[in-house]
Amino acid sequence: MNFRVQKLAFKHGRNTFKNFVVTFTITIVLLLLGYLFTAKLVLAFKPDEAGHLGITSAAMLSIAEPVGGVKLKFSRQARAEIRDANISTDSLTGDAWVAEKHFDNEEFPAATTRLLNLKSYIIGQITSPSPNGRNARIALGGTLHTIQDFYTHTNWVEMGNTGIDIRLGRTTIPKPPVSLQSSPINDPGVLLARVPHLTSGYFLPPTFCSAPPGKTRHGWDICPNGLNKDDSSRPRYMQARTLAVYASQDFINQILKAPGVAGNARAIRALMGL
Ligand SMILES: [Zn+2]
């Protein structure tokens, strides 16, 4: 074998190895994605009465807005539309992967800006000369989802807070410093005691188990430990769920009390599907 042939053989071997690595990686990623699509997910409060649906219903049912001597309540149809829009935010073919819709990856500025924008949009839809309650309700469902995820996906509860974060819907929250450490460098599944700043869990492909050094992961089926308090198997789930209900009520009330909406029966009726 002369030098040229040796070189070609070496190159061939290297290409074969490279192809193997690429094929292997693609296979692993596809298997993980397949699992994600079919598994009982731990991505957020569950789309059931213990999770997003129940939290959303509890908030809506608690509201009776007095306008012109009558107390207005969300219609059954309106509640169904808002519930549907809420859980579609966890759609695996789209919104589930947008970190700011779930307060993942410490995306606080984007997540809180989204809440402000959606609040303006909802108010605009119901106060317009031709109100569009359905558009408003679809946006409201998505907004409530993000607000609810704040309590399960951040360390707000672990920081010792027993009330809601009134910044949601009212202002923005800055991103924490990159240097903020919330987990041991070698274990993104463990939240350190007394993290002095708000943080949230990371949910990063391909395995959705890793986090940047010193940060905490969200956690899911194959790596359950992490920041999420998505279901009753997780510590502090009930505190997170309770605050999610209060925060959902608070956001709906922000809309009902907004200038142009407060006392405006037409706008409130449009939102409530009446
Ligand atoms: Zn979510």
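Helix 4 (residues 108–127) has 20 residues and, at 1.5 Å a residue, should span 28 Å; its end C-alpha atoms are 29 Å apart, which agrees. The expected span is 1.5 Å times one less than the number of residues. Helices are DSSP runs of H or I with at least four residues, strands are E runs of at least two, and both are numbered from the N terminus. The model is predicted: local features need pLDDT of at least 70, side-chain atom pairs count only at pLDDT 80 or more, and totals for chains, interfaces and linings use all residues. Residues are numbered from 1 along each chain as its sequence is written.

The chain holds seven helices and two strands. Their order along the sequence is α-α-β-β-α-α-α-α-α. Of its 274 residues, 39% count as buried. A buried residue has 20 or more other C-beta atoms within 10 Å of its own, an exposed one 12 or fewer, and a partly exposed one a number in between, with C-beta atoms placed from the backbone.

The buried residues of helix 4 are Phe-108, Ala-111, Thr-112, Leu-115, Leu-118, Lys-119, Ile-122, Ile-123, Gln-125 and Ile-126. They cover an arc of only 160° around the axis, which puts them on the same side of helix 4. The arc is taken from the directions from the helix axis to the C-beta atoms. On the other side, Asn-117 and Ser-120 are exposed. The buried residues of helix 4 pack against helix 5 (133–153), helix 6 (237–256) and helix 7 (265–272). Contact requires C-beta atoms, placed from the backbone, within 7 Å.

Helix 7 has its own buried residues: Ala-267, Ile-268, Ala-270, Leu-271 and Met-272. They pack against strand 1 (65–67), strand 2 (70–72), helix 3 (76–88), helix 4, helix 5 and helix 6. Just after helix 7, Gly-273 takes a positive phi of about 70°.

Val-98 lies in the loop between helix 3 and helix 4. With 15 C-beta neighbours inside 10 Å, Val-98 counts as partly exposed. The C-alpha atoms of Val-98 and Ala-111 are separated by 9.9 Å, and the two residues are 13 apart along the chain.

The axes of helix 3 and helix 5 come within 7 Å and cross at roughly 50°. Axes are lines fitted to C-alpha atoms, for helices over the stretch in contact, and angles run from 0 to 180 degrees between N-to-C directions. Helix 3 and helix 5 are therefore oblique to each other. Angles under 35 degrees count as roughly parallel, over 145 as roughly antiparallel, 65 to 115 as roughly perpendicular and the rest as oblique.

Terms used:
Contact = placed C-beta atoms within 7 Å.
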